[in-house]
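Let's take a walk around a ligand site. Have the viewer open and follow along.

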Amino acid sequence: MAKALKEHLGGIDSELASLILKISDLASTISSELTYRRGKADTKNVFGELQLIADKWADQFIIDELRKSELVKAVVSEEQPDLVKLNDTGIFNITLDPLDGSSNIESNNLVGTIIGIYKEDLPTQGKRQIAAMYILYGPVTTLVYTAQNGVHEFLHTKEGFVLKEENITLPEPGKLYGIGGLRKDWLPSFRRYIEELELAGYKLRYGGSFVGDFNQILHYGGIFAYPALTTKPNGKLRLLVESNTMSFIVEQAGGASTNGTCSILEVEPEGITQRVPTYIGNKALIEKLEKIL
Ligand code: AHG
Ligand code: MN
Ligand code: MN
């Protein structure tokens, strides 16, 4: 019998372990509710994006459960305009993308939940995270976490999450690339870089959910980007709730991230809604890209 998540968390701080377990307990409810929480809500989030019923439901559900846990001081969520205060006595601050890739719900492609865990007050640099995790609602539900102890993946079973793979590192050399934004809006230097990867045999895999697209880079190696665009210099992805979390995980898996000039984890946030050009993958690919950009 594969190791249970609970057992695996035995090696880390017990309050952090409780929080990660608490979040993992929400996965089966979220996954099954996606069947029923369909269609558009009549509201927009702070980024001006039309919210789905599922986005709003998952946001409220996760925030309510975190409040009940009494472990969490405050949450920054993609679906909330301001910092949400939960418990004054809470120990952790959380960044949350309740449903990443929710435009994939209609077509039944990958969506997931992305969570960054901090002790410092938010907003702060991504490198201040103490743990990061995501849950992917795919053909099977998986959970990936790091508590600065390597990157580990778990499979959802009738007995809860059990270990699938421990100490994951990005395979070298990578095989895949997946890039968001219209190709015509990419910067010329970035386009040339991608053309070189194509000539070297890298295959395009782009699914439209950061969590799913990143998960395949974690398993097959390569690069994911939602780059700086001529039309949107900061790209699309959100520094706090999306890019920092995945950057923390990729660095723990031996990879790297950049905003074009430095690691995304070094970026000093000016607010909770900041976007950041996001390039993430094998270290050698990111180093080469930084030189070109
Ligand atoms: P969300 O569904 O949380 O708003 O995030 C969507 C993001 C991200 O998941 C993905 O990489 C990107 O938007 C896809 O954008 P395009 O539809 O422009 O490809
Ligand atoms: Mn998202
Ligand atoms: Mn989202």
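Which element gives the largest share of the shell around ligand 1? That's S5, with three residues. Before going on, the ground rules: this is a predicted model, where local features need pLDDT of at least 70, side-chain atom pairs count only at pLDDT 80 or more, and totals for chains, interfaces and linings use all residues. Residues are numbered from 1 along each chain as its sequence is written, chains are lettered from A and ligands numbered from 1 in the order written, and side-chain values use heavy atoms, with hydrogens and water left out.

Now the shell itself. Ligand 1 has 17 residues around it, counting a residue if one of its heavy atoms lies within 4 Å. Asp100, Gly101, Tyr206, Phe210 and Tyr226 come nearest. By type, the shell splits into six nonpolar, four polar and seven charged residues; Asp, Glu, Lys and Arg count as charged, Gly goes with the polar ones, and Tyr and Phe are among the nonpolar. Domain 1 (5-165) and domain 2 (176-292) each supply at least three shell residues, with bounds from an automatic or database domain assignment.

Zoom in on the ligand's oxygen atoms next. An oxygen of ligand 1 sits 2.9 Å from a side-chain N or O atom of Glu78. Strand S5 (92-100) and strand S13 (222-226) are the elements giving two or more residues to the shell; strands here are DSSP runs of E, at least two residues, numbered from the N terminus.

Definitions and conventions. Polar contact = N/O pair within 3.5 Å; in protein donor to acceptor, adjacent residues only side chain to side chain. Helix = DSSP H or I, 4+ residues; strand = E, 2+ residues; numbered from the N terminus.
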